[in-house]
Amino acid sequence: MLPRCAGRVCHVLVLVLCLSAAEDFDWTKNDRGSFYYGTFPTGFSWGAGSSAYQTEGAWDRDGKGMSIWDVFAHRKGKVFLNETGDAACEGYYKVKDDVSLMKDLNLNHYVFSISWPRIIPTGIRTDHVNEKGIRYYDALIDQLLENKITPIVTLYHWDLPQLLQEKYGGWQNISMVNYFNEYANLCFERFGNRVKHWITFNNPWSVAVEGYETGEHAPGIKLRGTGAYRAAHHIIKAHAKVWHTYDSQWRNKQNGMVGISLSGDWGEPVDITNLKDIEAAERYVQFYMGWFATPIFHGDYPQVMKDFIGRKSGQQGLGTSRLPTFSSQEKSYIKGTCDFLGVGHFTTRYITQKTYPPGRGGIYFTDRDLAELVDPRWPDPGSEWLYSVPWGFRRLLNFVKTQYGNPMVYITGNGVSEKMMCTELCDDWRMQYYRDYINEMLKAIRDGVNVKGYTAWSLLDKFEWDEGYSERFGLYYVDFKNKHKTRYPKASVQYYKRIINFNGFPNQREVENWKRKAKEMCSSSNQLLAADPLTSHMEMVTEIVVPTVCTLCILISAVFLMFLLRRRN
């Protein structure tokens, strides 16, 4: 569930910011520098998340149909090292094992997605329903409930049935709205007696931009300037239709809720005294989260998107805007179709005004007229786009509160990766990230933001889309080179478990002890890993960032180097 705008496409610049020039943008009360000790409201829900293609494996087993990611990952050069999700974490075969990990964490909920082609192989319900796929999700849901873990189920986490892409063009075609509604209706029918929290789409920004504009993600379509807007238009309509279907046919029987999960980086003005920077920062957020949230909460696209895309379309000599329009009936139909808002958040950017000249090359990124910058002091342990900027989380949540009427919010994904040369279970940087980000969320709740639950992303290391297995977000390390895909707890497991058990941060002395105790626990897991052949845990990566390296890691590297030298001689 991860935003990838930065890096290849956005050409993020590095800005060295003087402390005097980087004052905080004060939405409510500015408390950027201090840690708050306190607890979350009674009943606050703690969880972890995953998605089907990233974890399940069994890509062609038990009647499952092909997804766009099955096809995309099998094309040479589309994924780092040509890796695929064919096996992933083998989660399809490890339901009881993985639920036991969740139980050990004392999770209240688990966010996972249903693979559309696993239960409807062609994507078209009238063609065939795969009962073996239904039984798999039945077993997972039942196992969660037996262990008092609430299932929060995502209907679409990027794995469109391949036939719908080939036959209709996928989300470029309005017919997806009805096919998606039929699929969702089947899920409500078969699982809705036990599932009370439904998410229609996870991070539709990535589906639209990376799937149909840049082509970095499946299905790999590059329709520059139009593809993302058309895909998003149909996704918003599909979301609204599914919400109305649940509302009219299932709500009274099942008493559940339907929401959507939107990812959003925070955009902070470089200079808060510069009106153009402030406007650019708001534009950044509106073109990201507001693109989907504003129609759902207010009935239409953000005015700034309509203005900028419309003007740039005119400058290109186009008769109409590249941003599609909703009819008055559609606006009324879409508005208010959200029982709760899922928020995925990972990082922040500084934003400044940058005017792109008019021309025929108008695309989503240049439509915004802005530049993204980062402070080189921000920690960046793994993914090229992911810098740790905790205070941006609180800003984003307050933005949601003020822009959308303080809706019920579930954090559906927040976490940090690593990209390392060798196994590191003592993940200091992840413990620090969770500590700081969760604390900013607690401050946001004190500000009045209606956050009801938090989801650590992710439970397991998993397939990370076009990055393959080179980046790891998991609380649990997965040994992908072992056919059993063995799971090992990282230190962050114990750290997150203590946050859950205390429902927050009780006092300074207690919290400072958590990291020390967690690191003591991780050493035993390192010994288990060390018992395996050392070279089985080496990972070749294009970029190595090592914020903290344990003694075991250094020894593994040394042994491996000696092995290579001995072979050369």
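Helices and strands here are DSSP runs, numbered from the N terminus: a helix takes at least four residues (H or I) and a strand at least two (E). With that in hand, let's walk through this predicted model.

Start with Ser-458, which sits in the loop between β13 (451-456) and β14 (476-478). Another cis peptide bond links Ala-218 to Pro-219, where omega is about 5°. Pro-219 belongs to the loop between α8 and α9.

Stay in that loop for a moment. Lys-222 is found there too, between α8 (204-212) and α9 (227-249). Its relative accessibility is 59%, so Lys-222 counts as exposed, the cut-off for that being over 50%.

Leu-81 isn't a glycine, yet its phi is positive, at about 60°. You'll find Leu-81 in the loop between α2 (68-73) and α3 (95-105), and it counts as exposed because its relative accessibility is 54%. Asn-106, also a residue other than glycine, has a positive phi near 65°. Asn-106 lies in the loop between α3 and β4 (109-113), and with 34% relative accessibility it counts as partly exposed.

Finally, is Ser-313 buried or exposed? Ser-313 has a relative accessible area of 0%, so it is buried. This serine lies in helix α12 (residues 303-315), and the side chain of Ser-313 reaches the backbone oxygen of Ile-309 at 2.7 Å.

Definitions and conventions
Residues are numbered from 1 along each chain as its sequence is written. This is a predicted model: local features need pLDDT of at least 70, side-chain atom pairs count only at pLDDT 80 or more; totals for chains, interfaces and linings use all residues. Side-chain values use heavy atoms; hydrogens and water are left out. Buried means under 20% relative accessible area, exposed over 50%, partly exposed in between (1.4 Å probe, protein chains only). A polar contact is a pair of N or O atoms within 3.5 Å; within protein, one must be able to donate a hydrogen and the other to accept it, and residues adjacent in sequence count only if both atoms are side-chain atoms.
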